[in-house]
Amino acid sequence: MYELRGVTKRYTRGKETVHALDGVDLTIADGDRLVIQGPTGGGKSTLLQMLGGLDRPTSGEVVLDGTDLARLSETRLTTVRSENIGFVFQSFNLIPTLTAQENVETALVPLGVKVRERRERAAEALRSVGLGERLGHLPSEMSGGQQQRVAIARALVKQPKVLLADEPTGNLDEGMRDEIMDVLDTLWKERGLTFIMVTHDSAIARKAPRLATIRKGRLTLTEKAAP
Amino acid sequence: MFFTYLRRELRRRRKAALVVASGLALGIALVIVVTSVSSGMGKAQDKVLQSLYGLGTDMTVTKAAAPAASSSERPRFQFDAREDGDDSEQSSDRVMVQGFQTLAASTVAKVSAQKGVQGAVGGLSLQVLKVSGQFTRGQFQQDGTGGQQGGPGGNGGSGAPQGEVQGGGANFDVNSYSVYGTDVTEPALGPLTSSKITSGRTFRTTETAARVAVADSAYAKEKKLKVGSTVTVKGVKYTVIGVATADSGDAAANLYLPLKQAQTLADAADKVTTIYVQATDSKKIDTVKSAIQKNVSGTTVTTSADLADTVSGSLSTASSLATSVGRWLSIAVLVAAFLVAGLLTSAAVSRRVREFGTLKALGWKSGRVTRQVVGEAMVNGLLGGALGIALGLAGAYAVTAVSPTLQAQLGGGSGGDGGPGGGPGGGFAGPGRQAAAKTLDVALTAPVSVTTVAVAVGLAVAGGLIAGAFGGWRASRLRPADALRRVE
Ligand SMILES: Nc1ncnc2c1ncn2[C@@H]1O[C@H](COP(=O)(O)OP(=O)(O)OP(=O)(O)O)[C@@H](O)[C@H]1O
Ligand SMILES: [Mg+2]
C-alpha cells in the first residue's frame, strides 16, 4: 500500500528549476493496477522513481507499507528495492553480456540466494514468460518482445510486492505490445501484485480502470467503474 | 555472479580489455627491459672492475702519487757488442715495479689493523722488459760516407773524430710482460681470485719462496706454456704449476709468482705496489677509506666506486643513458599507461551508466557494482602484466642474444702516470694496468631477476588498482535512477 503526500521533486540546473513533481498526493492499494499517462516531460518517470525508491523527493512522503522511503538511507532503500520492487524499463535494460538466465539471476544476487536455487528460480521465471527454451541466449540474440519478457522475468523472479513499468511497450511494435501487455496483466492477476505502469499508449490508457494523468508535475486521478 | 559477470564482460568486450591491457603491457615491458639492461650494465661494470681487483676486494691502497719518479729508475740495458760474424744471441731482462711506486710491506699490517677492515693483502706488480737479439760492433772507417749507422739502442759506435762507425748493428726483440707477485698465504683476496685455474693448480699457502709460477691462459697460449714448463725471468727459472683463465677475459697479469720471488726479482724486498682491502661491511666502505687515509700516511685509497667513476667509453655512456633516460622514459610511459588505463576504464563505465544504474535499481549495493568494475580493471591489469612480462622477457632476451659489445675505458684517459692530483686515475696503479687508460670490451646482457618480475607483477596490480579506482569511483557515483536514462 502506497501513500504519497505532497510529493515534490525539483531539479535545479544552473539558475533554472524544474518542478518535475509538484505536490502529488496519491494512495495505491495493494493489488491495484494504476496506469500513468501524460505529456512528455510531465513527470511520469519521476513519479515512478519516487515510488520505486530510485530517488528521494525534495519534499513530501512516499510511504510504502508504513515506511517513508523519503527518509530511508541509501542502504535501506537498496534493500527495499531488492526485496519489494520489480522494475520493467522501456529499453529493457538487460545486461548485454549476460545470458537470459544470468540476467534474471542478477535480481536474486542481492537477496543472497544460493547459486543452484538462483539458477532454478531464474529458469522457472523465464518459463513463466514463455522463454523456457532461451535460457542461454544473449539479449542480442533475441527479439525486442523476447528481451522485454526476460526483463519481466527478472522483475518478478524475486516475487516483489510492487511491479513498476516505465513504458514497457514503448520500444515494441503493435503485435509485441499486446503480447507483453497480456503477459504483464496475467502476472498481475495471478500474483496479486501492485502494478503501476507509465504508458504513452492511449489505447491502454483508455482501458485502464484507474488512470493517473500528470501534467507539469501535477497529478489528476480518473477512476472508472470496473467494466 | 561476480565471476560469471566478470568472465562474460571480458569475453564479450575483449577489445576494450586488450586496449587497456596492452597500454599497461607496454609500460611494464619497458620497465623490465630498462631494469634488466641497467643491471646488465652494472654487471658489465662489475666485470671490468673485477678484472682489476679480483673478487671480494672493496678498495685498494697504493702509494700516494708523488712527483714523477727519478729518471735513474728508467730501464737500462747493457749488452756487449760482439765481433762481426758472431751471431750468438744475448738477452737481458729488466724488471721494473709498475708505476715505480711502492709501499713498505709493513703497511699491509697497518691497513689490516684499521677498524672495519676484514682483510688486507699486499701484492707487487712488475713489468718485465725482455730484450734479446744480436748485437754487432761497428767498424770504424776513417773516410767514407754512407753506410749503416749504429743500431738504435746498441752500443754500436764510440764516436771518434773524423770518421764513422759502419756495419755495426743490432737485431733484437723487445718483449714486455707483466708479473704479479701474489701473497700465497692469503689466497682469498687479490687479483688472482678473478681467474679460474683451468689446468694444474694454484699456489699452496706454503709456497712463499718456491720457484713456481701460474700463467695466464692467454699468455700461456702465446708462449706455448703448459703445466710443467719453465719460464725464465731475469735468469731465474720458474716451473709453471697452473694456468689461470680470467673470468672477464682480461687477466690482471701475464704471470703470477709468489710475492717473495717477485720482490727479489725487482730488488724490492718488503715492498708492495698495491694492498687489496676487504671491508667487514660493504656499506661502510667510505668510512674505512677515510680511516685508512687518515691513519696510514702516504697512501691513496681507491674504492670500486671511485674506480667506477673513471670508467668511460660506450659502457658508461650506455649505462648513464639507461639510468637516466631509460628510467625516466619507463616512468613516463608507465604513468601514461596508468592514466590511460584509468581514463579508459572510467570511459567504459560511462558507456555502461544504464547497465550499472539498472543493477542498482535491482537492489545491487553500490559496493557490489564498484567491486565488479574494480575486478574487471584488475583482470585487465593482470592481463597487461602478463603481456608486459612476456614482452619484457622477450626484449631482455633479445638484448642478451644480440649482446652488443660495449667498450669500457678505465682511468678516464689521463695520460701517463698521473702527477699530483692524478687522482684515482694515476693512483690506481693496479696490476694489469699497462697504460693509464685501458680499454675493455664487455658484452652487454640483460639479466631479468626475480625481483624485476615481482616488481612487474606489482606494477600490473597497481595499474589494475589505479584503473579500478578511476572506474570504481565513477561507478560508485551512479544513481539507481540512471537506469531510466534514455541516452545510451
Ligand atoms: N535528472 C534530471 N535532472 C534535471 N531535470 C530532470 C531530471 N530528470 C527529469 N528532469 C526533468 O523533469 C521533468 C520531468 O521528467 P520525466 O522524465 O519525469 O518526464 P516524463 O513524463 O517521464 O517524460 P517522457 O514521457 O518523455 O518520458 C522534465 O522536464 C525533465 O526535463
Ligand atoms: Mg519518462
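In the predicted model, Glu3(A) stands opposite Thr27(A), a residue of strand S2(A). This contact belongs to the pairing of S1(A) with S2(A), which is antiparallel and extends over nine bridges. The two strands form a hairpin with two residues between them, and in this hairpin Gly14(A) adopts a positive phi near 65°. Strand S1 of chain A covers residues 2-13 and is also paired with strand S4 of chain A, residues 59-64, in the antiparallel sense, here over five bridges. Two of the positions concerned are Tyr2(A), whose bridge partner in S4(A) is Leu64(A), and Arg5(A), whose bridge partner in S4(A) is Glu61(A).

These pairings are part of an open sheet of four strands in chain A, ordered S2-S1-S4-S5, with antiparallel pairing. Strand S2 (16-28) and strand S5 (67-68) of chain A are at the edges; each has a single partner strand, so one side of each lacks a neighbour in the sheet. Helix H1 of chain A, residues 44-51, lies across S1, S2 and S4 of chain A and runs at about 125° to S1(A).

An open sheet of six strands is also found in chain A, in the order S6-S7-S8-S3-S9-S10, and its pairing is mixed. The edges are taken by strand S6 (85-88) and strand S10 (218-223) of chain A, and because each has a single partner strand, one side of each is left without a neighbour in the sheet. On average, neighbouring strands of this sheet are turned by 20° against each other, direction ignored. Within the sheet, strand S3 (residues 33-37) of chain A runs parallel to strand S8 (residues 194-198) of chain A, and four bridges join the two. Arg33(A) stands opposite Phe195(A) of S8(A). Helix H6 of chain A, residues 174-191, packs on this sheet and touches S3, strand S7 (162-166) and S8 of chain A. The direction of helix H6 makes about 155° with that of S8(A). Arg33(A) also lies over the face of Trp188(A), at 5.7 Å from the ring centre.

Taken as a whole, chain A has seven helices and ten strands. Of its 227 residues, 56% count as buried. Among contacts in chain A between residues at least 6 apart in sequence, 69% join residues at least 24 apart.

Over all chains, the structure holds six aromatic pairs. One of these is formed by Phe87(A) and Phe89(A); the pair is stacked, with 5.8 Å centre to centre and 10° between the planes. Phe87(A) and Phe89(A) are both buried. In chain B, Tyr177(B) and Tyr219(B) form a tilted pair, 5.6 Å centre to centre and with 35° between the planes. Tyr177(B) lies in strand S7 (residues 169-182) of chain B, whereas Tyr219(B) lies in helix H4 (residues 217-222) of chain B, so the pair ties together parts that are 42 residues apart in sequence. Tyr177(B) is buried, with a relative accessible area of 4%, and Tyr219(B) is buried as well, with a relative accessible area of 9%. A cluster linked by ring pairs comprises Tyr180(B), Tyr256(B) and Tyr276(B). A charge over a ring is found in chain B, where the charged end of Arg368(B) sits over the ring of Trp364(B), 5.7 Å from its centre.

For chain B, an unreviewed UniProt entry places the feature "transmembrane region" at residues 328-350, 377-399 and 448-470. In the model, the chain over residues 328-350 of chain B is 100% helix and 0% strand, with the end C-alpha atoms 32 Å apart. Ala462(B) is placed in helix H12 (residues 450-476) of chain B. With a relative accessibility of 26%, Ala462(B) counts as partly exposed. Ala462(B) and Met378(B) are 84 residues apart in sequence, and their C-alpha atoms are 8.6 Å apart in space.

Key
Residues are numbered from 1 along each chain as its sequence is written. Chains are lettered from A and ligands numbered from 1 in the order in which they are written. This is a predicted model: local features need pLDDT of at least 70, side-chain atom pairs count only at pLDDT 80 or more; totals for chains, interfaces and linings use all residues. Side-chain values use heavy atoms; hydrogens and water are left out. UniProt positions are given in the numbering used here, feature names are shortened, and annotations may be inferred rather than shown by experiment. Two strands pair if DSSP finds at least two bridges between them. Axes are lines fitted to C-alpha atoms, for helices over the stretch in contact, and angles run from 0 to 180 degrees between N-to-C directions. Contact means heavy atoms within 4.5 Å. Rings of Phe, Tyr and Trp (its six-membered ring) pair if their centres lie within 6.5 Å; planes under 30 degrees apart count as stacked, over 60 as edge-to-face and the rest as tilted. Buried means under 20% relative accessible area, exposed over 50%, partly exposed in between (1.4 Å probe, protein chains only). A charge sits over a ring if NZ of Lys or CZ of Arg is within 6 Å of the ring centre and within 35 degrees of the ring normal.
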